[in-house]
Amino acid sequence: MGGLCSFGKPAGQLMKTNVYVDGLNLYFRAIKGTPFKWLDLRKLAEALFPEDTISRICYFTSKINQRSHDPGQVRRQLIYLRALATLPGFEAHFGTFRTRTKSRPLAFPIEGMPDYVQVKHTEEKGTDVNLVTRLLVDGFNQAYEKAVVVSNDSDFSSAIQYVRDDLGLHVAVVNPDNKTRTHRSLEIAATYVRRLRPRHLRECQFPDTLTDAHGAIRKPAKWRS
């Protein structure tokens, strides 16, 4: 490359990078069922992109509702959000969970019984829109030279391609799913794609205890191995 690093920038000149994390996609595709829930997102970003300067980390999720089968779930999420808030350049953006009753057909109807049943259907609203809006607004405002989108959700493809082709900025996609191929539309839209590996999660954990202006923040006991 003749003294040039990625994308033709002079060696030693790091690219200003913002990271946009689809929190639910990251959780369900990579973290759920593992001992790596105490994840330091800045450490992860710096491990994945050591050639860049990580300017801002935008985390998009929804605050979960109290669930009877796991009454500590809400508290653990709040502790984790508090830990994330200690990171330089961190921003949290929240959607909402909505639960509605819907009528659904039975896959295997039973003669003499109703063909439809009433089910509780929970949907997450707002996270995808929030992420796309922030990605585009920051791009318009030249808040980054490169954006990193951590998700394997193909719904982000159009916005990513717009940032790359119309705004002339770089967009990397990090697929959090170690077992599933990155969606083809994301591969086409992005400047390039990287894969999140279990070792990245293992090596990028917060310490068991950290502090903020309010005192100590301790890793939830249920998350300790």
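This is a predicted model: local features need pLDDT of at least 70, side-chain atom pairs count only at pLDDT 80 or more; totals for chains, interfaces and linings use all residues.
Residues are numbered from 1 along each chain as its sequence is written, and side-chain values use heavy atoms, with hydrogens and water left out.

How many residues of α3 are buried? Buried means under 20% relative accessible area, exposed over 50%, and partly exposed in between, with a 1.4 Å probe and protein chains only. By that rule 9 of the 12 residues are buried, so the helix is mostly covered. Among them are Gln-73, Val-74, Ile-79 and Leu-84.

I turn now to strand β1, residues 15-22. Because 7 of its 8 residues are buried, β1 is largely enclosed by the rest of the structure. Two strands pair if DSSP finds at least two bridges between them. β1 pairs with strand β2, residues 52-62, in the parallel sense over 8 bridges; here Val-21 has Tyr-59 of β2 as its bridge partner. β1 also runs parallel to strand β5, residues 146-150, through 5 bridges, and Tyr-20 is partnered by Val-149 of β5.

Finally, the pockets. On a 1 Å grid over the protein atoms alone, a pocket is an open set of points with protein on both sides within 12 Å along at least five of seven lines, and lining residues have an atom within 4 Å of a point. Grid points are joined across faces, edges and corners, and a volume is the space filled by probe spheres set on the points.

The largest pocket has a volume of about 680 Å³. Of its 27 lining residues, Tyr-27, Lys-37, Ile-64, Gln-73 and Trp-223 lie nearest the centre. Helix α1, residues 23-31, gives the most to this lining, with 6 residues, while β2 and α3 each supply at least two.

The second largest pocket has a volume of about 160 Å³. Its lining includes Arg-29, Phe-36, Asp-177 and Leu-201, and both α1 and α7, residues 198-203, supply at least two residues each.

Methods: Helices (H or I, at least four residues) and strands (E, at least two) are DSSP runs, numbered from the N terminus. On a 1 Å grid over the protein atoms alone, a cavity is a set of points where a 1.4 Å probe fits but cannot get out, and a pocket is an open set with protein on both sides within 12 Å along at least five of seven lines; lining residues have an atom within 4 Å of a point.
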